[in-house]
Amino acid sequence: MEQKLTIYNTLTRRKEEFVPLNPPYAGMYVCGPTVYGDAHLGHARPAITFDLLFRYLKHIGYKVRYVRNITDVGHLENDADEGEDKIAKKARLEQLEPMEVVQFYLNRYHKAMESLNVLPPSIEPHASGHIIEQIEYIKKILDHGYAYVSEGSVYFDVAKYNKDHHYGKLSGRNIDELLATTRELDGQSEKHNSFDFALWKKAAPEHIMRWPSPWSDGFPGWHLECSTMSTKYLGETFDIHGGGMDLLFPHHECEIAQSVAAQGHETVHYWMHNNMITINGQKMGKSLGNFITLDQFFTGNHPLLTQAYAPMTIRFFILQAQYRSTLDFSNEALQAAEKAWQRLSEGWNNLSRIVPAAETTVDVKELRAKCYEAMNDDLNTPIVISHLFDGVRAINTVLAGHATISEADLCELKETFSTFMFDILGLRLDAAEAGGAALEPFEKAVDLLLEVRREAKSRKDWATSDLIRDRLSAIGFEIKDTKEGTEWKIK
Ligand code: ZN
């Protein structure tokens, strides 16, 4: 590989050069959504962060297998293995089959991701499609003595595990202290210790989503699906595991414990976590009333929003921060992102207006190298964007006639913009987002047809003239002949 990518490894707490286990292949697993509601801004950040990584790894020459799971069973309302299954609850409230809930929100999730230009992963496995594998995984953990059966459920024995290994190594939590100060449960709970987590839960009689197992009719614990499916599709050791920082504890800590307990060794080489998005300085939460779905952003239909925001504005806003830094949403910040994205799009559109000269008198030489350098430094997208803006300034200087650029340098500049803006950052020019600039060729084509029609009319070729008007009208254009000429609009 020509480019040397370094990424921050949450496990070792330092930046490390990315060296895959089996080059040119690279495997990445990212925790996907629990599909019981519409995707919100908090879903957009990990999706875009790991889409960026997926795109970049492919761009620099790796063959990437990107697995992003769909949680459709086992994610209970609270982390202490209590409460109703989130999907079963939604199904009960809406009188639907749980899988209807899953399909409905999964379709909507895919649509939102498509709007954000997030590429589909290579494999999108569902937890409910891997019950057999999860049961086998639990058997291994039981065989190795790190789990116990209690009242038909199976729990992971955190204290036992922590004697032999280190529970808390990823999150940096000191479990010894916590274990020492935690009161032993008084026998009212099935768990030996409140830190223990469910690998298998016996289903209550009213629970719809249930499968047979050696221990009870029930369902798998939430943390288990990721250990099982990542191993199934990427192997017993693989390169990258990603997710939001909110999943670091307990979810990812539990994944490590499960893998070590089942296989005797860790699975993941690089743990990567994106930081959270706050809204006006506050954590997002349904109870705080600041929970804005992506669709609400796209339509502007939420009391906290002063306008609608195009999907590319959201994507650009997220990329304007390095993925490990916090990002605060406000209307002002999004409006600034909207303007900046517009300026960058205009810069790109202006590139095609430049007439090359014999010499280059503007500084564009190192632009591509600088963009790579920033990407290689733990995907530092704000720096990449600032370099692209240096390019925009150079383009404007040339267009204003204050400098010139040679054909070769212009070509190089176009390629750098196209590579970084579109292929790597995954931005996309839609008509509205390019400030109308992308509409130009389309408008010109309609104008051209109307010009041909005018000419036909002047030759008294009514057949051609009517044909053009009728066909345009059938496609959905409204054509109006006035004294000044012909006007058109989309019906
Ligand atoms: Zn997960």
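How many residues lie between strand 15 and strand 16 in their hairpin? The hairpin of strand 15 and strand 16 has 2 residues between the two strands. The model is predicted: local features need pLDDT of at least 70, side-chain atom pairs count only at pLDDT 80 or more, and totals for chains, interfaces and linings use all residues. Residues are numbered from 1 along each chain as its sequence is written, and side-chain values use heavy atoms, with hydrogens and water left out.

**Zinc site**
- The zinc ion has Cys31 (SG), Cys226 (SG) and His251 (NE2) as protein donors, at 2.0 to 2.1 Å; donors are N, O and S atoms within 2.8 Å of the metal (3.2 Å for Na, K and Ca), and sites may look incomplete because water is not among the atoms.
- Along the chain, the donor spacing is C-x194-C-x24-H.
- Cysteine 226 belongs to helix 7 (residues 222-234) and histidine 251 to helix 8 (residues 248-263), so the pair ties together parts 25 residues apart in sequence; helices (H or I, at least four residues) and strands (E, at least two) are DSSP runs, numbered from the N terminus.
- Cysteine 226 and histidine 251 are both buried, that is, under 20% relative accessible area with a 1.4 Å probe and protein chains only (exposed is over 50%, partly exposed in between).

- An open sheet of 4 strands runs in the order 4-3-11-12 with parallel pairing; two strands pair if DSSP finds at least two bridges between them.
- Strand 4 (63-68) and strand 12 (268-274) are the edge strands, each pairing on one side only.
- Strand 3 (residues 25-30) pairs with strand 11 (residues 238-244) over 3 bridges in the parallel sense, and valine 30 has glycine 242 of strand 11 as its bridge partner.

**Hairpin**
- Strand 15 (residues 477-482) and strand 16 (residues 485-490) are joined by 6 bridges in the antiparallel sense.
- Opposite threonine 482 stands glycine 485 of strand 16.
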